[in-house]
Amino acid sequence: MDFHGIDLNLLVAFNALSEERNVTRAASRVGVSQPAMSAALGRLRTLFGDPLFQRSAEGLLPTARARELAIPIAEVLKQLEAALIARPTFEPARVSQTFRLGLSDYAAVVLLPQLSHALQEQAPGAMLKVVAFSHRDSAVELLDAGKIDVAIGIPPTQQDSRILSRLLFQDEFVTLLRRDHPAAGPVLDLPTFLKLKHVLVSPEGDGYGVVDAALAQQGLSRTCALTLSQMFTAPAVVAATEMSTTVMKRVARNAAMADRLLFFPPPLPLPVIPFYLIWHRRNEGSAAQQWLRALIASLASSL
């Protein structure tokens with residue numbers, strides 16, 4: 001390939017198409033018309049000798065060649081931007097923008113109070129808009145659509161170079177019984193656990209949890225008398241019944257009736273659940289977004 005005379009705007013168009021997966025959004029981001037972006041895609045296909053992006057019901061899907069090019073081109077453009085554009089210093093105390101945060105119920109209870117307090121102190125002019133989601137892949141959909149700046153949740157089922165992340169914290173499971181439960185004792189063994197009726201927390205609505213997966217590995221199963229999508233409701237139900245539930249420890253600690261519950265280690269091995277800060281590559285270089293991500297990470301490290 002002869003690189004002499006290549007229009008750098010084509011690389012800008014490729015980067016926008018790679019991250020947005022949509023001609024209209026890519027055109028809006030670059031500041032050109034949709035026909036101009038379509039024409040740029042045609043020139044890119046000729047330049048690289050590859051279709052690069054195929055239309056589908058989910059938007060533009062990158063070819064193998066486009067995936068190979070995505071990160072190198074994004075890095076080159078980032079270096080050019082850093083070299084050619086002098087960025088103003090970001091001052092949180094003077095900011096007056098709205099940050100849009102995607103949160104599950106868990107992350108909202110665990111982290112949102114501290115984040116709201118920190119914003120009031122450090123960036124009093126900033127506003128925070130929270131968008132709720134329950135399914136892990138909804139975070140990616142919201143980021144792709146530009147409806148949120150960052151999300152906090154468990155990793156999406158599919159990884160892609162346009163979506164970036166960093167580990168914030170982890171949580172472990174505990175099994176709960178009400179304090180005067182007939183089965184309550186110094187420990188909760190597996191035979192007793194299996195005799196209980198359980199509250200299953202299934203935020204994604206699949207009706208099957210990590211406990212069920214762990215039991216199935218041993219050829220066992222439990223009786224789930226109640227299935228909930230709201231994890232913070234489960235401890236209250238357990239406090240009023242003879243049912244049990246197995247939830248993440250911070251859910252139990254933050255429950256309204258935590259003082260009426262007994263906490264037990266689950267009587268079978270369960271995984272530790274990681275929670276990540278997730279953002280779109282398009283926001284990687286924003287000084288305001290970098291500050292917000294650093295603030296969230298700092299707060300999470302003290303949990």
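A nonpolar core is a set of buried Ala, Val, Leu, Ile, Met, Phe, Trp, Tyr and Cys residues that are joined through side-chain atoms within 4.5 Å. With that idea in hand we can look at the model, which is a predicted one. In soluble globular proteins, nonpolar side chains tend to be buried together.

The largest nonpolar core here holds 58 residues, and those that touch the most other members are Tyr-106, Ile-152, Leu-168, Met-248 and Ile-296. Helix α11 supplies the largest share of this core, namely 8 residues. Apart from it lies another core, made of 21 residues, including Leu-17, Ala-40, Leu-60 and Leu-69.

To see what such a position looks like in detail, consider Ile-152. Once residues up to four places away in sequence are set aside, Ile-152 touches, among others, Leu-101, Leu-111, Phe-133, Leu-168, Tyr-276 and Ile-296.

Ile-296 brings us to helix α11, where this residue is buried, as are Trp-291, Leu-292, Leu-295 and Leu-299, among others. The helix runs over residues 287–301, and its 15 residues reach 21 Å from the first C-alpha to the last, close to the 21 Å expected at 1.5 Å a residue. Its buried residues pack against helix α5 (105–122) and against the strands β3 (98–103), β5 (150–153), β6 (163–171) and β12 (273–280).

Pro-92 sits in the loop between α4 (64–84) and β3, and, leaving aside neighbours within four places in sequence, Pro-92 is in contact with Gln-122, Ala-123 and Trp-291. Is Pro-92 buried or exposed? Its relative accessible area is 19%, and because buried means under 20%, Pro-92 counts as buried. Pro-92 and Ser-286 are 194 residues apart in sequence, while their C-alpha atoms are 13 Å apart in space.

Finally, we turn to a sheet. Its 5 strands form an open sheet with mixed pairing, in the order β9-β8-β10-β7-β11. Strands β9 (223–228) and β11 (261–264) stand at the edges, and each has a single partner strand, so one side of each is left without a neighbour in the sheet. From one strand to the next, the twist averages 30 degrees. Within this sheet, β7 (residues 173–178) and β10 (residues 244–248) run antiparallel and are joined by 4 bridges, and Thr-175 has Thr-246 in β10 as its bridge partner.

How values were computed: Residues numbered from 1 in each chain as written. Predicted model: local features only at pLDDT ≥ 70, side-chain atom pairs only at ≥ 80, totals over all residues. Heavy atoms only, no water. Helix = DSSP H or I, 4+ residues; strand = E, 2+ residues; numbered from the N terminus. Expected span 1.5 Å × (residues − 1). Buried < 20%, exposed > 50% of the residue type's maximum accessible area, 1.4 Å probe, protein only. Contact = heavy atoms within 4.5 Å. Pairing = 2+ DSSP bridges. Axes fitted to C-alpha atoms, helices over the stretch in contact; angles between N-to-C directions.
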